[in-house]
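I wanted to look up the salt bridges in this structure. My notes are below.

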Amino acid sequence: MEETPRLNFMWHLVWDFRAELLRGLLTAFEVAITALILSLFVGLLFALMKMSRFALWRGIASTYVNVFRGIPALVSVVWVYFGWSLLFGYNFTVYQAGVIALTLLYSSFFAEIFRSALEAVHKGQREAGQALGMSRLRIFRSIVMPQALKIAIPNIGSMYIGMIKDTSTFTVIGLAELVFVMQSINAEYFQPFVLFTAAAGLYVAAAFLVDFVFRIVEGGFSYPKVGRVKRFLTRRKRAQIQRLVEAN
Amino acid sequence: MNALISLRGIRKSFGTSEVLHGIDLDVYPGSHTVIFGPSGSGKSTVLRSMNLLEEPTEGSVVFEGVEYGPGIPGDATPRGKKIDLRRQVGMVFQQFNLFPHLSAIDNIALSVHAVTGKSKDEALERAAQELKNVGLLKWAMNYPAQLSGGQQQRVAIARALSLDPKLMLFDEPTSALDPELVGEVLAVMRKLAETGMTMVVVTHEMGFAKEIGDQCIFMDQGYIADSGGADFFDTCTNKRTKEFIGSVL
C-alpha cells in the first residue's frame with residue numbers, strides 16, 4: 001500500500017521570519033503611501049483638466065485616464081523599470097519605479113473619483129461663494145474642495161488598499177516587498193501553503209488597518225463633527241466661540 | 001438722485017430661447033423694490049443678473065456709475081470686474097446655500113475673512129455680532145443641518161450683511177420654508193428694510209411685498225409687464241397684473 005505523504009506545515013517559519021515579513025509589508029506600505037500622495041495631486045490636476053472649459057485640456061485628461069487606467073500594474077512597472085532604461089538610458093531604482101508605476105495607474109482612477117466628487121457638490125455652493133465676492137481659488141479651496149473630499153475619502157481608502165495589493169506584482173523587478181520576501185523564504189524551505197497563507201493574513205490585516213485610519217480621517221471631514229480626534233483638534237476654536245457667545 | 005443700480009437693456013438667452021427681452025430698471029438708494037410674476041417670467045433671472053450671477057447676453061448693469069456686464073455690441077465703455085460688483089451686493093437664495101461643512105458662525109466668519117481680509121479673530125467677532133442681530137448667537141456652533149429652514153435663512157441673511165453690502169438681493173427667500181417658519185425670516189427682512197437698506201426682493205409673499213415695496217415690478221414672459229410705486233397693489237389697472245395678484249392673494 002502506498003503511503004500518502006504526510007503534510008508537514010512549518011508554521012513556525014512565520015514567527016521565525018516575522019521581522020523580514022513585516023519589513024516586506026512595511027516596504028509595500030511605503031511605496032503605496034508615496035504613490036498615494038503623488039496620485040492625489042496628479043489625479044486632482046487631471047480631474048480639473050477634465051472639467052475645463054477648453055477642449056484641449058479635456059482631451060489630454062481623457063486620454064491620460066483611459067490609457068493608464070487600462071494598463072495593469074505589472075505591465076506598467078516593467079515598462080517603467082526596463083523600458084525607460086532602454087529608451088532613455090536612465091535607471092530608476094526599484095523603489096522609484098514602483099512609485100511611478102502606481103502613480104500613473106492610480107492617478108487616473110483618482111482623476112475620475114475627484115471629478116465625480118467635485119461635480120457632486122451642489123451648484124448653489126459655488127454660487128453662494130461668487131455672490132459673496134470670493135475669488136475662484138477661495139471658493140475652490142474653502143467651499144468646494146472640503147465638501148468634495150468628504151465624498152471622495154471612502155473611495156480613496158479603497159484605492160489605497162488596492163495600491164498596497166498591487167505592490168505585490170513589483171516582485172518581478174525585485175522590490176523587497178511582502179511577496180518577494182515570502183518567495184525567498186519559500187525558495188529555501190518550500191512551504192508555499194504556509195507562506196502564502198501568512199502573506200494573505202498580513203494583507204488582510206493591512207486592509208483592516210487602512211480602513212481604521214480612513215474612518216478617522218472621514219470623521220474629520222464629516223459635519224457635524226464626529227470623532228474624538230476632530231473634537232480634540234478643534235477644542236481651542238470651540239472655546240473661543242463659546243467666549244464670544246457669552247460676551248455678547 | 002442717482003440710481004444705486006440700473007439695468008440697461010438686459011437680454012438673456014439660454015441656448016436659442018431668449019428669456020429676458022431687454023430689461024431696464026432703476027433702483028434708488030434706500031428703496032425697496034419687489035419683483036413678482038408667474039414662474040418662468042424671468043424675475044429670478046433679472047435678480048441674478050444684478051450681481052452677474054447670471055451673465056446677460058447683452059446689456060449693462062450700472063452700479064454707482066460703473067458699468068458691468070457685456071454692454072451692447074460696439075459699446076467700448078470700460079467695464080468693471082464682476083468680483084468688485086459682487087463685493088458690494090449681498091444675495092440671499094431660495095435654498096439658503098449655507099456651507100454645510102461649516103458651523104453657522106464659520107459660515108459668516110469665512111466670508112468676512114476671505115472677502116475683507118480681516119483676521120480670523122476679527123472675522124469671528126463680526127460674525128458673532130451679525131448672528132446676534134438675527135437672534136441666532138446661541139446657535140453659533142450649530143451646523144446648517146442642525147438648524148431649521150428659517151434659522152438657516154436668517155444665518156444666510158447675516159452672512160450677506162456681514163460684508164456691509166450697499167444692496168441686498170433676495171431670491172424668493174421664503175419659498176423653500178414651511179409656512180410656520182416664513183414669519184421669522186420676513187421679520188428679519190422687515191427690520192432690515194426699516195434700517196434703510198436698499199433691497200430688491202423677488203417674492204410670492206404678496207402681503208409682504210405690499211407692505212415694504214415702494215417700487216413694484218410685475219414681470220411676465222421676459223418683460224416688465226407693469227410697474228408702480230408703493231400704492232401699486234391698490235391702484236394698478238392692468239388686467240393681467242390684477243389677475244395675477246388676485247390669483248396669489
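These entries follow the salt bridges, starting with a count.

Entry 1. I am working with a predicted model. I looked up the total and found 21 salt bridges over all chains.

Entry 2. I looked at A:Glu112 and A:Lys50, whose side chains form a salt bridge at 2.8 Å, N to O. A:Glu112 belongs to helix H5 (residues 94-120) of chain A and A:Lys50 to helix H2 (residues 18-50) of chain A, so this pair ties together parts 62 residues apart in sequence. I then checked burial: A:Glu112 and A:Lys50 are both buried.

Entry 3. I noted that A:Glu112 also meets A:Arg115 in a salt bridge, at 3.1 Å, N to O. These two residues are three apart in helix H5 of chain A, so about one helical turn separates them. A:Glu112 counts as buried because its relative accessibility is 18%, and the cut-off for buried is under 20%. A:Arg115 has a relative accessible area of 23%, so I wrote it down as partly exposed.

Entry 4. I turned to chain B, where the side chains of B:Arg79 and B:Glu67 meet in a salt bridge at 3.2 Å, N to O. B:Arg79 sits in the loop between strand E5 (66-71) and helix H2 (82-86) of chain B, while B:Glu67 is in strand E5 of chain B, so the pair ties together parts twelve residues apart in sequence. B:Arg79 is partly exposed at 29% relative accessibility, and B:Glu67 is buried at 17% relative accessible area.

Notes
Residues numbered from 1 in each chain as written. Chains lettered and ligands numbered in written order. Predicted model: local features only at pLDDT ≥ 70, side-chain atom pairs only at ≥ 80, totals over all residues. Heavy atoms only, no water. Salt bridge = Lys/Arg side-chain N within 4 Å of Asp/Glu carboxyl O. Helix = DSSP H or I, 4+ residues; strand = E, 2+ residues; numbered from the N terminus. Buried < 20%, exposed > 50% of the residue type's maximum accessible area, 1.4 Å probe, protein only.
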